[in-house]
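Please examine the fold below with attention to its open spaces and to one residue in a loop. The paragraphs that follow treat these in turn.

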Amino acid sequence: MKTTRLPRKATVLLAGLVLAALAGCGSADKGPAEALGTKGPAKPAKVVPAAPPGLAGMPPLLDPHDVYAADRPNKLSPVVKDFPSRVYVPNTNSNTVSVIDPATYRVIDTIPVGVQPQHVVPSWDMKTLWVNNNRGHTLTPINPATGEAGKAVEVHDPYNLYFTPNGKYAIVMASMDKELVFRDPHTMDRVKTVPVTCYGVNHADFSADGRYFIVSCEFSGELLKVDTEKMEVIGQQKLPFEGAMPQDVKVSPDGKTFYVADMMAHGMWVLSGDKFETPKLLPTGKGCHGLYVSRDSKEMYVSNRGEGTISVFDFPQNRLTKKWELPDGGSPDMGGVSADGKVLWLSGRYNSEVYAIDTTTGKQLARIPVGGGPHGLAVYPQPGRYSLGHTGIFR
């Protein structure tokens, strides 16, 4: 068979047509073909989110310079906005909780609970109030929507109660047992027990990033520093005062400083939580006991239980600016600030009464009779996204 050869010029032309056809295949949806030797369009770099600076699972702070930014006046979470405004007062000697209507300054209900109730504590999710029945070895849940108490849960030595900032654990301050007990925040089942060598663990507060918390040991005059995630004590120190009895603990709005009330040193210990150095004492008044931050994060109210006064500490000025005296004296102890920030509520530990105090003038608005030995009362609801425990530490 005879083969016919194409002229060289025709062969080159045909090859060009074939290459053009191939270039067109598959390129209809990809735009013009790339020129030979070019790099082509650069692919966008994959963005890897930075690891959060705080404790894993902790909601980020609304303002990195103010841990209390979520606590502004009347900024109630959708979870609590329909709850009736009440003041829940645990009466240690009466084994009851008095319920006060803050609008009328009257006790509207008395709830029987366990033996020696010490504090009323909002849960991390803010849906439950837990009454710490210290000597009854139970926690009594109260539904803040209805004011009704539920079935008590067995928990040994619950003097006080806190929650990790990520809501993963409840932390029972087992004062007499000398333990910090990490528990399931809903069932209260024991997860881990951390024995301590100090006496009387009772109050605490968390660092801004939630990675550690500072604990006061009332009966041995010591402080602990605890790693939240590892659930381990990583620091311990004796306060430099003979007979010290540290009480409430509160971190500054900027998260840099911790304040620890001391009822025998009659003032607040001031220290850096990060450095955990030897603290300095700032005298406030006899029997310094409870610490509560104002709704604008500018002031802290300090109850002086032994002299019936409230000192006011100014954060920006870093000094005490005012002192309010209760008429006819009293024993202002634990409490909280109203949702609108206008009223400071404190229990009168040795006077079977509760005080309502104007936060602008320091004037006593009401003195309300309750049961015997009123202690860690909770004002509820309060602004904030979640609770760290005690009588209401919200962030």
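Helices (H or I, at least four residues) and strands (E, at least two) are DSSP runs, numbered from the N terminus. The model is predicted, so local features need pLDDT of at least 70 and side-chain atom pairs count only at pLDDT 80 or more, while totals for chains, interfaces and linings use all residues. Residues are numbered from 1 along each chain as its sequence is written, and side-chain values use heavy atoms, with hydrogens and water left out.

The largest pocket holds about 300 Å³ of space. A pocket is an open set of points on a 1 Å grid over the protein atoms alone, where a 1.4 Å probe fits, with protein on both sides within 12 Å along at least five of seven lines; lining residues have an atom within 4 Å of a point. Its lining comprises 15 residues, and T257, Y259, V270, F313 and N318 are the closest to the centre. Two or more lining residues come from each of β18 (257-262), β19 (267-272) and β20 (280-283), with β19 giving the largest share, 3 residues. By class, 7 lining residues are nonpolar, 4 polar and 4 charged.

Elsewhere, K230 sits in the loop between β15 (222-227) and β16 (232-238). K230 counts as exposed because its relative accessibility is 54%, the threshold for exposed being over 50% (1.4 Å probe, protein chains only). From K230 to R211 the C-alpha to C-alpha distance is 9.2 Å, at a sequence separation of 19 residues.

Methods: Grid points are joined across faces, edges and corners, and a volume is the space filled by probe spheres set on the points. Ala, Val, Leu, Ile, Met, Phe, Trp, Tyr, Cys and Pro count as nonpolar, Asp, Glu, Lys and Arg as charged, and the others, Gly among them, as polar. Buried means under 20% relative accessible area, exposed over 50%, partly exposed in between (1.4 Å probe, protein chains only).
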